[in-house]
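This briefing looks at charged pairs and at a nonpolar stretch of surface. Keep the sequence and the 3D view open while reading.

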Amino acid sequence: MATREEYEQLKAFARIDGAIVGGLWILSFACFIGEFYNPFLGILAFVIGAGSLVFAALRLKKFRDNILEGVISFRRAFGYSIFTYFYAALLMALAQYVYFQFIDNGFLISRYMEMASMPEFKSMMQIYGLRPDDVQVAMDNIKALRPIDIALQFLTTNIILGIVVSLPMAAMIKSNYRRKF
(Lines give C-alpha, C1' and ligand atoms only; values in the text may rest on other atoms or scores of the structure.)
Protein backbone atom coordinates (compact mmCIF):
# COMPACT_ATOMS: atom_id res chain seq x y z
CA MET A 1 0.00 0.00 0.00
CA ALA A 2 1.38 3.39 -0.97
CA THR A 3 1.83 6.08 1.64
CA ARG A 4 0.26 9.51 1.28
CA GLU A 5 3.63 10.97 0.30
CA GLU A 6 4.09 8.37 -2.45
CA TYR A 7 0.58 9.09 -3.71
CA GLU A 8 1.24 12.84 -3.78
CA GLN A 9 4.56 12.23 -5.55
CA LEU A 10 2.82 10.09 -8.16
CA LYS A 11 0.18 12.77 -8.76
CA ALA A 12 2.79 15.52 -9.01
CA PHE A 13 4.84 13.70 -11.64
CA ALA A 14 1.67 12.67 -13.50
CA ARG A 15 0.52 16.30 -13.47
CA ILE A 16 3.73 17.40 -15.18
CA ASP A 17 3.55 14.61 -17.73
CA GLY A 18 -0.16 15.29 -18.24
CA ALA A 19 0.62 18.91 -19.03
CA ILE A 20 3.20 17.85 -21.61
CA VAL A 21 0.89 15.23 -23.17
CA GLY A 22 -1.94 17.78 -23.14
CA GLY A 23 0.32 20.23 -24.94
CA LEU A 24 1.06 17.58 -27.56
CA TRP A 25 -2.66 16.93 -27.96
CA ILE A 26 -3.33 20.65 -28.41
CA LEU A 27 -0.60 20.82 -31.04
CA SER A 28 -2.13 17.78 -32.74
CA PHE A 29 -5.57 19.45 -32.67
CA ALA A 30 -4.10 22.63 -34.15
CA CYS A 31 -2.56 20.57 -36.95
CA PHE A 32 -5.92 18.85 -37.47
CA ILE A 33 -7.59 22.25 -37.97
CA GLY A 34 -4.69 23.35 -40.17
CA GLU A 35 -5.09 20.35 -42.46
CA PHE A 36 -7.95 22.18 -44.18
CA TYR A 37 -5.29 24.57 -45.47
CA ASN A 38 -2.39 22.15 -45.89
CA PRO A 39 -3.08 18.38 -46.10
CA PHE A 40 0.39 17.56 -44.72
CA LEU A 41 -0.74 18.93 -41.35
CA GLY A 42 -3.28 16.08 -41.14
CA ILE A 43 -0.46 13.55 -41.23
CA LEU A 44 1.46 15.61 -38.69
CA ALA A 45 -1.62 15.69 -36.43
CA PHE A 46 -1.76 11.89 -36.47
CA VAL A 47 1.98 11.51 -35.83
CA ILE A 48 1.90 13.93 -32.90
CA GLY A 49 -1.21 12.27 -31.43
CA ALA A 50 0.24 8.77 -31.70
CA GLY A 51 3.63 10.01 -30.54
CA SER A 52 2.04 11.41 -27.38
CA LEU A 53 1.12 7.85 -26.36
CA VAL A 54 4.70 6.70 -26.82
CA PHE A 55 5.92 9.76 -24.95
CA ALA A 56 3.58 9.02 -22.02
CA ALA A 57 4.87 5.43 -21.86
CA LEU A 58 8.47 6.62 -21.90
CA ARG A 59 7.75 9.11 -19.12
CA LEU A 60 6.13 6.36 -17.05
CA LYS A 61 9.21 4.21 -17.59
CA LYS A 62 11.43 7.11 -16.58
CA PHE A 63 9.35 7.62 -13.43
CA ARG A 64 9.72 3.92 -12.63
CA ASP A 65 13.47 3.85 -13.22
CA ASN A 66 14.58 7.22 -11.83
CA ILE A 67 12.13 7.86 -9.00
CA LEU A 68 11.07 4.37 -7.91
CA GLU A 69 14.43 2.68 -8.55
CA GLY A 70 13.04 0.33 -11.17
CA VAL A 71 10.13 -1.08 -9.18
CA ILE A 72 6.50 -0.23 -9.96
CA SER A 73 3.40 -2.33 -9.48
CA PHE A 74 0.73 -2.67 -12.12
CA ARG A 75 -1.65 -0.73 -9.89
CA ARG A 76 0.73 2.20 -9.41
CA ALA A 77 1.66 2.28 -13.11
CA PHE A 78 -2.03 2.18 -14.02
CA GLY A 79 -2.81 5.00 -11.59
CA TYR A 80 0.08 7.10 -12.87
CA SER A 81 -1.03 6.61 -16.45
CA ILE A 82 -4.68 7.41 -15.67
CA PHE A 83 -3.68 10.60 -13.85
CA THR A 84 -1.44 11.60 -16.76
CA TYR A 85 -4.25 11.18 -19.29
CA PHE A 86 -6.78 12.81 -16.98
CA TYR A 87 -4.66 15.96 -16.65
CA ALA A 88 -3.98 15.94 -20.40
CA ALA A 89 -7.70 15.57 -21.13
CA LEU A 90 -8.52 18.53 -18.87
CA LEU A 91 -5.98 20.71 -20.64
CA MET A 92 -7.19 19.59 -24.05
CA ALA A 93 -10.84 20.24 -23.14
CA LEU A 94 -9.96 23.74 -22.00
CA ALA A 95 -8.12 24.44 -25.26
CA GLN A 96 -11.02 23.06 -27.32
CA TYR A 97 -13.51 25.16 -25.40
CA VAL A 98 -11.45 28.29 -26.07
CA TYR A 99 -11.11 27.34 -29.74
CA PHE A 100 -14.80 26.65 -30.34
CA GLN A 101 -15.99 29.59 -28.21
CA PHE A 102 -13.68 32.31 -29.51
CA ILE A 103 -11.81 31.20 -32.64
CA ASP A 104 -13.79 28.73 -34.77
CA ASN A 105 -16.90 30.80 -35.63
CA GLY A 106 -18.39 27.87 -37.56
CA PHE A 107 -15.24 27.14 -39.58
CA LEU A 108 -15.07 23.41 -38.84
CA ILE A 109 -18.74 22.68 -39.48
CA SER A 110 -18.66 24.71 -42.69
CA ARG A 111 -15.73 22.60 -43.93
CA TYR A 112 -17.63 19.43 -43.12
CA MET A 113 -20.70 20.79 -44.90
CA GLU A 114 -18.53 21.47 -47.95
CA MET A 115 -17.21 17.91 -47.84
CA ALA A 116 -20.75 16.54 -47.48
CA SER A 117 -21.79 18.35 -50.65
CA MET A 118 -19.03 16.74 -52.75
CA PRO A 119 -20.12 14.02 -55.21
CA GLU A 120 -17.58 11.56 -53.78
CA PHE A 121 -19.01 11.96 -50.29
CA LYS A 122 -22.57 11.52 -51.55
CA SER A 123 -21.68 8.31 -53.40
CA MET A 124 -19.91 6.98 -50.31
CA MET A 125 -22.99 7.69 -48.18
CA GLN A 126 -25.12 5.77 -50.69
CA ILE A 127 -22.79 2.79 -50.35
CA TYR A 128 -23.34 2.88 -46.58
CA GLY A 129 -27.09 3.22 -47.08
CA LEU A 130 -27.40 6.76 -45.74
CA ARG A 131 -29.76 9.25 -47.30
CA PRO A 132 -28.87 12.93 -47.76
CA ASP A 133 -31.50 13.76 -45.13
CA ASP A 134 -29.65 11.61 -42.57
CA VAL A 135 -26.42 13.49 -43.20
CA GLN A 136 -28.22 16.84 -42.95
CA VAL A 137 -29.81 15.86 -39.62
CA ALA A 138 -26.38 14.84 -38.28
CA MET A 139 -24.87 18.15 -39.41
CA ASP A 140 -27.75 20.10 -37.85
CA ASN A 141 -27.23 18.24 -34.57
CA ILE A 142 -23.52 19.07 -34.61
CA LYS A 143 -24.29 22.74 -35.37
CA ALA A 144 -26.63 22.86 -32.37
CA LEU A 145 -23.84 21.90 -29.94
CA ARG A 146 -22.47 24.68 -27.75
CA PRO A 147 -18.69 24.99 -27.30
CA ILE A 148 -18.96 23.67 -23.74
CA ASP A 149 -20.88 20.63 -25.02
CA ILE A 150 -18.14 19.86 -27.53
CA ALA A 151 -15.39 20.31 -24.95
CA LEU A 152 -17.16 18.07 -22.43
CA GLN A 153 -17.75 15.41 -25.07
CA PHE A 154 -14.07 15.37 -25.97
CA LEU A 155 -13.12 15.42 -22.27
CA THR A 156 -15.21 12.32 -21.63
CA THR A 157 -13.89 10.56 -24.73
CA ASN A 158 -10.26 11.37 -23.90
CA ILE A 159 -10.63 10.15 -20.31
CA ILE A 160 -12.18 6.86 -21.46
CA LEU A 161 -9.49 6.37 -24.10
CA GLY A 162 -6.86 7.23 -21.48
CA ILE A 163 -8.18 4.47 -19.22
CA VAL A 164 -8.18 1.98 -22.09
CA VAL A 165 -4.62 2.90 -23.13
CA SER A 166 -3.44 2.82 -19.51
CA LEU A 167 -4.16 -0.89 -19.13
CA PRO A 168 -1.62 -2.21 -21.64
CA MET A 169 0.81 0.58 -20.79
CA ALA A 170 0.80 -0.36 -17.10
CA ALA A 171 1.15 -4.04 -17.99
CA MET A 172 4.21 -3.33 -20.13
CA ILE A 173 5.91 -0.95 -17.68
CA LYS A 174 5.32 -2.77 -14.37
CA SER A 175 8.44 -4.26 -12.86
CA ASN A 176 9.44 -5.97 -9.62
CA TYR A 177 13.19 -5.76 -10.17
CA ARG A 178 15.34 -3.09 -8.60
CA ARG A 179 17.78 -1.29 -10.85
CA LYS A 180 21.44 -2.04 -10.33
CA PHE A 181 23.70 0.98 -10.18
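Does Arg111 count as buried, partly exposed or exposed, and at what relative accessibility? Arg111 counts as partly exposed, because its relative accessibility is 23% and the buried class takes in values under 20%. The model is a predicted one. The structure holds nine salt bridges, and some of them are described below.

- Side chains of opposite charge can pair when their charged atoms come close.
- Glu8 and Arg4 form a salt bridge, with 3.6 Å between the closest N and O atoms.
- Both Glu8 and Arg4 belong to helix α1, which covers residues 4–34.
- Glu8 and Arg4 are four residues apart, which is about one turn of the helix.
- Arg4 counts as exposed because its relative accessibility is 60%, and exposed means over 50%.
- Glu8 has a relative accessible area of 32%, so Glu8 is partly exposed.
- A network of salt bridges links Arg4, Glu8 and Lys11.

- Arg111 has a salt-bridge partner in Glu114, and the closest N and O atoms of the two are 3.3 Å apart.
- Helix α4, made of residues 107–116, contains both Glu114 and Arg111.
- The spacing between Glu114 and Arg111 is three residues, about one turn of the helix.
- Glu114 has a relative accessibility of 43% and therefore counts as partly exposed.

**Salt bridge between Arg131 and Asp134**

- The side chains of Arg131 and Asp134 meet in a salt bridge, at 3.2 Å from N to O.
- Arg131 counts as exposed because its relative accessibility is 51%, and the exposed class begins over 50%.
- Asp134 is partly exposed, since its relative accessible area is 31%.

**Nonpolar patch on the surface**

- Five residues, Leu91, Leu94, Val98, Phe102 and Ile103, form a nonpolar patch on the surface.
- Together, the residues of this patch have about 470 Å² of accessible area.
- Leu94, one of the patch residues, lies in helix α3, which runs over residues 74–103.
- Leu94 counts as exposed because its relative accessibility is 52%, and the cut-off for exposed is over 50%.

How values were computed: Residues are numbered from 1 along each chain as its sequence is written. This is a predicted model: local features need pLDDT of at least 70, side-chain atom pairs count only at pLDDT 80 or more; totals for chains, interfaces and linings use all residues. Side-chain values use heavy atoms; hydrogens and water are left out. Patches are made of residues with over 30% relative accessible area and no salt bridge: like charges are joined within 9 Å, nonpolar side chains (Val, Leu, Ile, Met, Phe, Trp, Tyr) within 5 Å. Accessible areas come from the Shrake-Rupley method with a 1.4 Å probe; for residues, only the protein chains shown count as cover. A salt bridge is a side-chain nitrogen of Lys or Arg within 4 Å of a carboxyl oxygen of Asp or Glu. Helices (H or I, at least four residues) and strands (E, at least two) are DSSP runs, numbered from the N terminus. Buried means under 20% relative accessible area, exposed over 50%, partly exposed in between (1.4 Å probe, protein chains only).
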